[in-house]
Amino acid sequence: MNQINPRKLKMSKWTAVQPRQKDKHFLITEVSFDEDGRVIDCRLEAVMSRREFSIDWRELKDEAHWRPGWR
């Protein structure tokens, strides 16, 4: 399981194990927090196509779907 600090998510790099709509490399461009400091929204941007996706940041912990960095 990938260790993730929600405060360090913004501008982090991720590689999808299975490409999403032909995109494999992503950047976290936006992270929104509530008053208690919990993540409420996380936006991924594909590096090549610039498409954006909303994602539950906890999904990034699953090594079967995501790897940290660009590989």
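This briefing describes the strands, aromatic rings and selected side-chain contacts of the structure above.

The model is predicted: local features need pLDDT of at least 70, side-chain atom pairs count only at pLDDT 80 or more, and totals for chains, interfaces and linings use all residues. Residues are numbered from 1 along each chain as its sequence is written, and side-chain values use heavy atoms, with hydrogens and water left out. Ring pairs link F26, F53 and W66 into a cluster.

**The sheet**

- Strands are DSSP runs (E, at least two residues), numbered from the N terminus, and two strands pair if DSSP finds at least two bridges between them.

**Strand 1 and its partners**

- Four bridges pair strand 1 (residues 13-20) with strand 2 (residues 23-33) in the antiparallel sense.
- K13 has L27 in strand 2 as its bridge partner, while R20 stands opposite D23 in strand 2.
- Strand 1 and strand 2 form a hairpin with two residues between them. In the turn, Q21 has a positive phi of about 50 degrees.
- Strand 1 and strand 5 run antiparallel and are joined by three bridges. The bridge partner of T15 in strand 5 is R67.

**Aromatic rings**

- A pair of aromatic rings is described by the distance of the centres and the angle of the planes. Rings of Phe, Tyr and Trp (its six-membered ring) pair if their centres lie within 6.5 Å; planes under 30 degrees apart count as stacked, over 60 as edge-to-face and the rest as tilted.
- The structure holds two aromatic pairs. One of them joins F26 and F53 edge-to-face, at 5.9 Å centre to centre and with 70 degrees between the planes. This pair links distant parts of the chain, with F26 in strand 2 and F53 in strand 4, 27 residues apart.
- The rings of F26 and W66 have their centres 5.4 Å apart and their planes at 75 degrees, so this pair is edge-to-face. The pair links F26 in strand 2 to W66 in strand 5, 40 residues apart.
- F26 is buried, with a relative accessible area of 0%. Buried means under 20% relative accessible area, exposed over 50%, and partly exposed in between (1.4 Å probe, protein chains only).
- F53 counts as buried at 16% relative accessibility, and W66 counts as buried at 4%.

**Charges over rings**

- R7 lies over the face of F33, at 4.5 Å from the ring centre. A charge sits over a ring if NZ of Lys or CZ of Arg is within 6 Å of the ring centre and within 35 degrees of the ring normal.
- K13 lies over the face of W70, at 4.7 Å from the ring centre.

**E45 in strand 3**

- E45 belongs to strand 3 (residues 39-46) and counts as buried at 14% relative accessibility.
- The side chains of E45 and R50 are joined by a polar contact of 2.9 Å. A polar contact is a pair of N or O atoms within 3.5 Å; within protein, one must be able to donate a hydrogen and the other to accept it, and residues adjacent in sequence count only if both atoms are side-chain atoms.
- Not counting residues up to four places away in sequence, E45 touches several residues, among them H25, F26 and L27. Contact means heavy atoms within 4.5 Å.

**N2 before strand 1**

- N2 is found in the segment before strand 1 and counts as buried at 10% relative accessibility.
- A polar atom of the N2 side chain lies 2.9 Å from the backbone oxygen of L60. The N2 side chain also reaches the backbone oxygen of W66, at 3.2 Å.

**H65 in the loop between strand 4 and strand 5**

- H65 lies in this loop and counts as partly exposed at 47% relative accessibility.
- The side chains of H65 and D62 make a polar contact (2.6 Å).
- Not counting residues up to four places away in sequence, H65 touches T15, A16 and V17.
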